[in-house]
Amino acid sequence: MVKQSSRRVFLKGLGFLSVSGLALPLVGCQHNKVGGGGGGAIFDKNPTILMGGESSAVVEFIKDRVRIEAGDTVIWELQSSGHTATAYHPDTNNVFPSRIPDGAVPFDSPLLFTKGDTYEHTFVTEGVYNYYCRPHEGQGMVGIIVVGKALDGPGLEPIQPEISSVVTRRKLEELIEWAKQQT
Ligand SMILES: [Cu+2]
């Protein structure tokens with residue numbers, strides 16, 4: 001069983017892990033990347049999502065939409081500036097309602113400051129997760145993760161009024177449209 005966990009890790013020196021896909025041939029007992037119930041659905045295996053770009057002016061998650069299988073881990077790696085990866089959920093803030101599957105762990109990274117710092121979270125509960133960066137939520141720094149199938153749940157529901165930034169709402173709508181196709 002995969003333990004549901006959320007922790008900060010440093011992968012310096014384990015660079016091969018930080019490039020999505022390249023780890024595949026290096027790991028034994030690897031489950032097939034292509035499969036699942038979707039008849040050819042493509043899953044990212046333990047993907048790395050970059051936070052920001054080489055320039056601190058880039059305020060976004062590079063790879064803002066990923067689809068993984070339940071039990072897989074997503075790694076966020078800081079490129080520049082200060083960013084977090086924080087699930088839309090009342091437990092992570094006092095404002096936003098949940099936009100993750102019912103019963104799922106609302107992940108929330110520390111504020112990462114040093115290039116190369118990483119945070120990882122293992123996703124156990126199937127469904128759709130919407131998340132944001134604390135300092136840049138209002139600037140549309142948001143992302144979406146589909147675990148398994150895009151099951152109906154908070155992550156696909158209409159965007160609540162508490163998420164008030166127009167640019168953020170637009171970005172989430174785009175991501176949700178993509179997620180709905182991951183059946
Ligand atoms: Cu940010």
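This is a predicted model: local features need pLDDT of at least 70, side-chain atom pairs count only at pLDDT 80 or more; totals for chains, interfaces and linings use all residues.
Residues are numbered from 1 along each chain as its sequence is written.

I then looked up the buried residues of helix 1 and found Lys171, Leu172, Leu175, Ile176 and Ala179. They cover an arc of only 135 degrees around the axis, which puts them on the same side of helix 1; the arc is taken from the directions that lead from the helix axis to the C-beta atoms. An α-helix has 3.6 residues a turn, so residues three or four places apart point the same way. Helix 1 covers residues 166–180, and its 15 residues reach 21 Å from the first C-alpha to the last, close to the 21 Å expected, the expected span being 1.5 Å times one less than the number of residues.

**What the helix lies on.** I noted that the buried residues of helix 1 pack against strand 4 (65–68), strand 8 (127–132) and strand 9 (142–147), a contact being two C-beta atoms, placed from the backbone, within 7 Å. Helix 1 lies across these strands and runs at about 20 degrees to strand 9, with axes fitted as lines to C-alpha atoms (for helices over the stretch in contact) and angles running from 0 to 180 degrees between N-to-C directions.

**Element count.** I counted 1 helix and 9 strands in the protein chain, in the order β-β-β-β-β-β-β-β-β-α from the N terminus on. Helices (H or I, at least four residues) and strands (E, at least two) are DSSP runs, numbered from the N terminus. Buried residues make up 34% of the 183 residues in the chain.

I found an open sheet of 4 strands in the order 4-9-8-6, with mixed pairing, two strands being paired if DSSP finds at least two bridges between them. Strand 4 and strand 6 stand at the edges with a single partner strand each, so one side of each is left without a neighbour in the sheet. Strand 4 pairs with strand 9 in the parallel sense over 4 bridges, and Ile68 stands opposite Val147 there. Strand 8 and strand 9 pair in the antiparallel sense over 6 bridges, with Tyr131 opposite Gly143. Tyr131 is also the bridge partner of Ala87, and strand 6 and strand 8 run antiparallel, joined by 2 bridges.

**Strand 9.** How many residues of strand 9 are buried? I found that 6 of the 6 are, so strand 9 is largely enclosed by the rest of the structure. Val142, Ile144 and Val146 point one way from the strand, whereas Gly143, Ile145 and Val147 point the other way. Leaving aside neighbours within four places in sequence, Ile145 is in contact with Val66, Ile68, Val74, Phe123 and Tyr129.

**Nonpolar core.** Of its 32 residues, Tyr129, Tyr131, Ile144, Ile145, Val146 and Ala179 touch the most other members. Strand 2 (48–51), strand 5 (73–78), strand 8, strand 9 and helix 1 each supply at least two residues, and the largest share, 5 residues, comes from strand 9.

**Loop residues.** I placed Ser98 in the loop between strand 6 (86–87) and strand 7 (118–122). Ser98 counts as buried because it has 21 C-beta neighbours inside 10 Å. Beyond four places in sequence, Ser98 is in contact with Tyr88, His89, Pro90 and Pro154. Asn93 sits in the loop between strand 6 and strand 7 and is partly exposed, with 17 other C-beta atoms within 10 Å.

**Positive phi.** I noted a positive phi of about 90 degrees at Lys63, although Lys63 is not a glycine; Lys63 lies in the loop between strand 3 (61–62) and strand 4. Ser81, in the loop between strand 5 and strand 6, has a positive phi near 60 degrees and is likewise a residue other than glycine.

Note on methods
A residue is buried if 20 or more other C-beta atoms lie within 10 Å of its own, exposed if 12 or fewer, and partly exposed in between; C-beta atoms are placed from the backbone. A nonpolar core is a set of buried Ala, Val, Leu, Ile, Met, Phe, Trp, Tyr and Cys residues joined through C-beta atoms within 7 Å.
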